[in-house]
Amino acid sequence: MRISARADYAVRAALQLAHARDAGPLKAEAIADAQDIPHKFLEGILNDMRRGGLVLSQRGGNGGYRLAKAPESISIADVIRVVDGPLVSVRGVRPPELSYTGPAESLLPLWVALRANVRQILDGVSLADVASAELPTRVSALAEDPASWTNP
């Protein structure tokens, strides 16, 4: 699985907003500087997040961006879906819309199972979980396995 730069930047920006939730709106420049994200690229991402209902924007001298909902109610999957679309697709197609024949027929359940596992992890982790460094036990257990950190 590949996480795009756009998705990585969006999640990091959302985490910055979650961290500063009580401080009021953050300017895009401040988010970009704090997370080392190219400012122009971030502006487009924040606009997608605004259109997707994850962030609110406020104009003016005290303006900026803030989360539209509590960080506990926004999953990592929510952020990725808003900026990149479906979490798992094959050639741009969602697994249930695919069909295979012959020896590849059992490939479809594999893609569906992969999607289910990705959803389980990313839908099960909120911005608040990551911002507080308190990942769910299942996620922490996977990350603590040394084999998770190596590339075959």
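Residues are numbered from 1 along each chain as its sequence is written, and side-chain values rest on heavy atoms, with hydrogens and water left out. Because the model is predicted, local features need pLDDT of at least 70 and side-chain atom pairs count only at pLDDT 80 or more, whereas totals for chains, interfaces and linings use all residues.

The largest pocket has a volume of about 660 Å³. A pocket is here an open set of points on a 1 Å grid over the protein atoms alone, where a 1.4 Å probe fits, with protein on both sides within 12 Å along at least five of seven lines, and its lining residues have an atom within 4 Å of a point; the volume is the space filled by probe spheres set on the points, which are joined across faces, edges and corners. Of the 20 lining residues, Ile-121, Leu-122, Val-139, Leu-142 and Ala-143 are the closest to the centre of this pocket. Two or more residues each come from α1 (5-19), α4 (76-84), α5 (107-123) and α7 (137-144), where helices are DSSP runs (H or I, at least four residues) numbered from the N terminus. By class, the lining has 16 nonpolar, one polar and three charged residues, with Ala, Val, Leu, Ile, Met, Phe, Trp, Tyr, Cys and Pro counted as nonpolar, Asp, Glu, Lys and Arg as charged, and the others, Gly among them, as polar.

The second largest pocket, with a volume of about 300 Å³, is lined by 15 residues, and Arg-2, Pro-86, Leu-87, Val-88 and Ser-89 lie nearest its centre. Helices α4 and α5 each give two or more residues to this lining, which divides into 10 nonpolar, three polar and two charged residues.

The whole structure holds four salt bridges, each a side-chain nitrogen of Lys or Arg within 4 Å of a carboxyl oxygen of Asp or Glu. Asp-48 and Arg-6 form one of them (2.1 Å, N to O); Asp-48 lies in helix α3 (residues 39-51) and Arg-6 in helix α1, so this pair ties together parts 42 residues apart in sequence. Asp-48 also meets Arg-51 in a salt bridge (2.5 Å, N to O), and these two residues both lie in helix α3, three residues apart, about one turn of the helix.
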